[in-house]
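Me: I have a model open and want to go through its interfaces. Can you take a look with me?

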Amino acid sequence: MSKLTYIAGRLVRTLMLTVAVVLLSFFLIRLAPGDAATVMAGQSGYADETFIKSLRLEYGLDRPLPVQLWKYGAAVARGDLGLSYERRQPVLDVVLDRLPNTLLLDGFALVVALAGGLTLGAFAARRPGSAGDAGVTTLAMLFYAVPQFWLGMMAVLVFSVWLNWLPPFGLESIGADHKGLLRAADIAQHMLLPGMTLALYYMAGYARLTRAQMIEIAEQDFVKTARAKGLSERQVMRRHIRRNALIPIITYAGLQASILVGGTVLVENVFSWPGIGTLAYEAVTARDNPLLLGIFIVTSVLVGFFNLLTDIAYTLADPRMELGA
Amino acid sequence: MLGAMAGAPFLSLPAMARGNILNAMMPAEPGTLCYPLLNTRLVQQICGNIQESLLLLDWNFKPQPNLARSYTITPDGLAYVFQLQPDVRWHDGHPFTARDVVFSCDQMLRQLNPRSRNAFNNCQSIRALDKLTVEFRLKQPFNAFLLSLMASNAPIMPAHIYEGSDYRSNPHNFSPIGTGPFKFARWERGQYIRLTRNPDYWRPGFPKIDDIYFRICPTPEQRMVAMETGAVDIALADDIDTVVSSRLRANPHIVASTHGYEGVGEIAVLEMNQRRWPFSDRRFRQAFMHALDRDFIVKAINFGQGKVASGPIPSAAPYYDGQAVSRYPYDPNRARALLDEMGLKPGAGGVRHRFSFLMIPDGDGIQTRGAQYVRQAASEVGLDIELQSSDWASFAHRTGNWDFDMDNNSYGEYGDPAIGTARFFVSSNIRKGVPQSNIQGYRNREVDALFARAATAIAPREAQEIYSRLQQILTRDVAMLWLFERDPMLYYNRRVHDLVTGPNGPTDGFGHTWLSGAA
Amino acid sequence: MKDFLCRFLARPQTLIGLGVLAVIVLTAMAAPLLFPRGPFTIVGMPLLAPGSAGLPAGSDVLGRNLLACLAYGARVSLLIGLSSTCVALGAGVLLGAVAGYYGGVVDDLLMRFTEFFQVVPAFVLLMVLVAFLQPSLVSSVIGIALITWPQVARIARGEFLALRRREFVEAARTQGLSDGRIIFGEILPNAMLPIVVVASMMIGNAILTESALSFLGLGDPNLMSWGRMIGGSRSAMWVAWWTMVLPGLCILVTVLALNFVGDGLNDALAARRRR
């Protein structure tokens with residue numbers, strides 16, 4: 001299969017999945033009682049029929065469901081994700097406004113998790129059963145079992161309130177109007193706690209996986225053969241073990257793309273990080289259906305893209321592997 | 001141990017906006033800054049700095065001039081004529097005139113804001129007599145009319161921006177224009193809203209602050225950190241959970257004040273669907289009141305903040321009559337006796353009756369804790385409550401469509417029973433699909449007639465007599481289960497002065513506020 | 001099998017995990033005996049420190065006995081963790097078995113379907129589902145099962161795919177056994193072990209997910225769960241650390257114990273496969 005047709009096929013599949021996501025979420029969302037008009041009526045503290053009726057009219061909620069779906073589908077096909085009920089702004093703008101913040105946080109967490117996880121896992125696998133191994137394994141187990149939101153709150157308690165080292169929440173210092181490098185440093189400082197909270201969980205996963213893979217591969221025949229041929233330990237490690245251990249780790253990382261993109265809800269909530277996660281939470285509570293659908297669409301497209309990247313990463317890790325094999 | 005350590009202030013926090021800048025918080029990001037479109041407390045507190053009302057209330061609930069320099073009322077109580085301040089300009093330089101007032105009251109507010117609609121529907125006509133004179137002519141006397149022009153009821157909006165446009169999609173909903181002491185400056189999505197000093201403000205010498213930042217702090221623990229560390233200067237109502245109020249009050253840098261929300265006069269209540277038995281039986285509601293230790297609610301669950309409510313009118317508001325109300329002290333035995341009397345005897349496991357309690361969403365705040373207490377207290381007298389949590393959509397939907405047994409809520413009286421109280425008890429306001437109306441289905445012809453007469457009474461004495469009688473009937477019927485007066489707390493840093501100047505508090509904006517030590 | 005058990009029990013972590021788990025399960029079962037008044041009873045003033053009279057773990061924001069809350073919380077966490085895993089196991093095994101056994105179009109369809117769950121951010125989907133179905137025990141279980149079953153389905157499919165051409169299956173087929181009998185009577189018993197191992201790791205995750213839901217206020221308000229305790233004391237964390245720290249530790253220890261056990265199972269299985 002040529003790479004181009006393969007990639008085209010993947011794109012079509014991603015597209016079809018996105019359509020399925022839209023359809024399913026559209027109906028799922030309308031299962032619930034109440035709509036955005038009732039939310040606003042309830043929150044404004046004083047409502048009457050005219051208020052609710054005019055909101056329903058504005059949002060098109062008075063029309064039959066198939067008509068609503070048709071109108072929505074047609075708009076999405078044109079690249080128009082509609083207006084957010086609550087914010088009265090184009091959904092795409094709202095989502096794209098927040099997306100970089102989440103990607104920044106995710107990117108940081110992913111890099112830290114991968115780098116830390118691979119190093120720790122390899123270190124532990126070097127001498128299985130040693131004290132170092134036991135330490136890494138236990139630590140990994142610990143971070144794998146700790147509730148992220150709780151870890152985040154404890155981190156605020158220790159590093160912000162008690163030790164006074166890092167800002168407790170937010171994306172940057174408000175009103176400080178930093179520019180350029182200073183602003184980057186400011187954001188980095190704010191990102192450290194949420195980023196590490198997020199990273200530790202995944203780092204634990206990568207460390208465990210790396211360790212298990214490397215131990216397993218080290219016992220396999222081709223590695224033994226390599227050793228028998230007189231290759232040095234370092235060469236064996238680099239040429240055979242590392243490369244082969246990488247494949248399942250890439251799979252794991254690929255699978256995690258969807259978790260990362262939308263799964264930062266809790267950490268973002270605890271640290272008031274203005275990303276997609278907090279946005280999704282707000283959209284759920286405000287019954288802001290267009291926004292919610294928009295988030296689903298944008299994230300599934302992104303995840304599709306990540307999966308494609310994972311596939312490409314496979315071929316880099318193992319040139320013998322064909323795309324789509 | 002950790003608790004003690006949490007006391008260490010972290011001074012090394014990266015430079016917050018200091019100087020002559022006021023830092024405030026928002027528990028959520030508002031959907032719009034179009035005041036009439038989204039008249040929530042949050043928007044009121046932000047837009048109260050940008051838009052202004054015709055009149056202000058002083059601490060005695062007496063109207064004081066604002067955009068209206070003076071006013072006259074005809075003796076029959078039918079015509080109100082307002083002289084407007086001259087030389088007032090909108091933030092974009094456009095002059096403010098009677099046209100803006102007529103447009104706001106007769107069109108924009110009436111179309112968008114239910115509370116304003118309630119008030120201006122009493123008007124036969126709203127006209128500009130000349131460039132700076134407006135006349136409101138009423139169909140019949142309405143003694144709460146002046147209060148309807150206060151703060152959040154009637155913010156004056158710019159006609160040249162909104163007239164003839166689609167209000168809901170007007171771009172200025174995100175960059176509002178007003179006559180107020182502060183101009184809208186910037187809205188950084190997901191982070192903050194910044195207002196800046198209006199140098200051409202019509203009140204000479206004001207405002208005294210350069211900038212106001214409203215930063216988004218969605219979670220209660222963050223708001224607490226922000227307040228305690230001085231990252232923000234003020235915490236408005238409901239920003240700070242009462243759980244930590246003792247700690248903030250003990251902080252020498254922070255002042256706590258209960259003044260500033262008297263104009264809203266909020267009472268936390270339980271509502272029962274009186275179409276359904278046994279809630280339809282007055283004895284059941286009385287029994288339920290006796291089953292609740294409301295002193296305990298105030299003291300322990302709300303950590304001493306607020307005051308047990310005795311009836312529909314807050315004790316600090318006009319027309320309150322403490323002599324007229326029936327009181328329901330904590331008395332579980334009396335509750336049991338009343339339930340026995342109406343035939344609700346204990347069945348298997350001592351349970352007399354099972355029903356559900358739809359909880360208003362407040363993010364594990366005081367309302368949720370109150371509901372958990374109510375469930376516990378009810379079980380002591382044999383009533384088995386199933387709690388149901390909700391989000392705003394399902395809460396508003398289910399209460400509006402009368403699909404509930406019991407719910408909790410919190411309602412403002414807004415300075416006059418005709419504005420904020422009558423709506424829950426008059427039978428004409430039983431309207432299916434509309435939350436925050438008479439959702440309980442309380443019907444009493446005498447009450448209907450009394451509320452109608454009270455609002456049109458011209459002599460204050462007469463109005464007082466009618467409202468006293470109403471308090472008597474409503475509390476006797478337990479027409480609603482009043483729990484406690486909220487008395488929201490304002491917290492502010494010692495460097496902040498004159499934060500609020502009247503019972504509408506932050507809703508009137510921070511035009512008078514100044515900061516000590518500011519350059 | 002005996003060999004498998006020996007290997008499983010040989011690791012000290014496994015034994016520690018099992019021991020801790022036994023204590024937690026016992027506490028959960030004995031909670032009504034230890035605290036007959038239930039977790040919701042208000043016993044005193046709120047936010048009393050641990051060690052106050054009769055309150056070894058202090059009281060929470062409503063003046064309830066925190067120790068009773070923790071004990072009853074164990075019931076909820078274990079209940080939801082187990083039942084959602086069971087539901088996911090049932091659905092996943094069924095669909096995975098069908099897909100793996102029949103292959104072809106059925107398999108293709110199913111795999112596309114599981115892909116849907118890989119693409120949509122699972123936790124957001126879960127929030128939507130629970131919020132819209134109204135938070136309750138049932139909606140939490142259904143929601144968690146819904147986002148975890150594809151994992152089981154994939155494993156089950158793989159096992160069935162590998163086993164369906166084996167001799168004993170062919171033999172059963174020539175005997176004229178129905179597909180149902182072959183799937184559940186012949187293949188499933190042989191495929192069950194790896195599936196159970198995966199499931200053992202899922203319980204811990206389900207408990208974490210449940211606590212996250214409750215933390216965000218999307219749990220059953222009539223049940224005392226650890227996540228709810230943390231969420232409910234967010235504002236109190238500055239004045240009463242114990243209301244937040246203790247339930248978090250309970251979650252950590254429980255999930256850790258479960259993962260130790262799951263890990264042990266996994267290793268024992270891997271060792272068996274290697275031979």
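Reply: One term before the counts: a polar contact here is a pair of N or O atoms within 3.5 Å, where within protein one must be able to donate a hydrogen and the other to accept it. Also, this is a predicted model.

Me: OK. How many residue pairs are in polar contact between chain A and chain B?

Reply: Six residue pairs, with both residues at pLDDT 80 or more.

Me: Which helices of chain A supply residues to the side that touches chain B?

Reply: On chain A, α2 (36–43), α3 (49–59), α5 (91–126), α7 (148–162), α8 (180–218), α11 (265–271) and α12 (276–285) each supply at least two residues of that side.

Me: And which gives the most?

Reply: α3(A), with seven residues.

Me: What's the make-up of that side, by residue type?

Reply: The side of chain A that touches chain B has 23 nonpolar, 18 polar and 13 charged residues.

Me: How many salt bridges across the interface of chain A and chain B?

Reply: Two are found there. One of them joins the side chains of Arg87(A) and Glu29(B), at 3.3 Å from N to O.

Me: What area is buried between the two chains, and how many residues does each put in?

Reply: About 4800 Å² is buried between chain A and chain B, and carbon and sulfur atoms give 57% of that. Chain A and chain B each bring 54 residues to the contact.

Me: Switching to chain A by itself. What domains is it divided into?

Reply: Domain 1 covers 18–77 and domain 2 covers 92–317. Their C-alpha centres lie 36 Å apart.

Me: How many residues are in contact between those domains?

Reply: In chain A, 15 residues of domain 1 are in contact with eleven of domain 2. The buried area there is about 1000 Å², with 72% from carbon and sulfur atoms.

Me: Which three residues of domain 1 supply more of its buried area than any other three?

Reply: Thr18(A), Ile29(A) and Tyr72(A), which supply 43% of the area that domain 1 buries against domain 2.

Me: Which helix gives the most to the domain 1 side?

Reply: α1(A), with six residues of the side that touches domain 2. That side of domain 1 of chain A divides into ten nonpolar, three polar and two charged residues.

Definitions and conventions
Residues numbered from 1 in each chain as written. Chains lettered and ligands numbered in written order. Predicted model: local features only at pLDDT ≥ 70, side-chain atom pairs only at ≥ 80, totals over all residues. Heavy atoms only, no water. Contact = heavy atoms within 4.5 Å. Buried area = accessible area lost by both parts, 1.4 Å probe. Salt bridge = Lys/Arg side-chain N within 4 Å of Asp/Glu carboxyl O. Polar contact = N/O pair within 3.5 Å; in protein donor to acceptor, adjacent residues only side chain to side chain. Helix = DSSP H or I, 4+ residues; strand = E, 2+ residues; numbered from the N terminus. Nonpolar A, V, L, I, M, F, W, Y, C, P; charged D, E, K, R; others polar. Domains from an automatic or database assignment.
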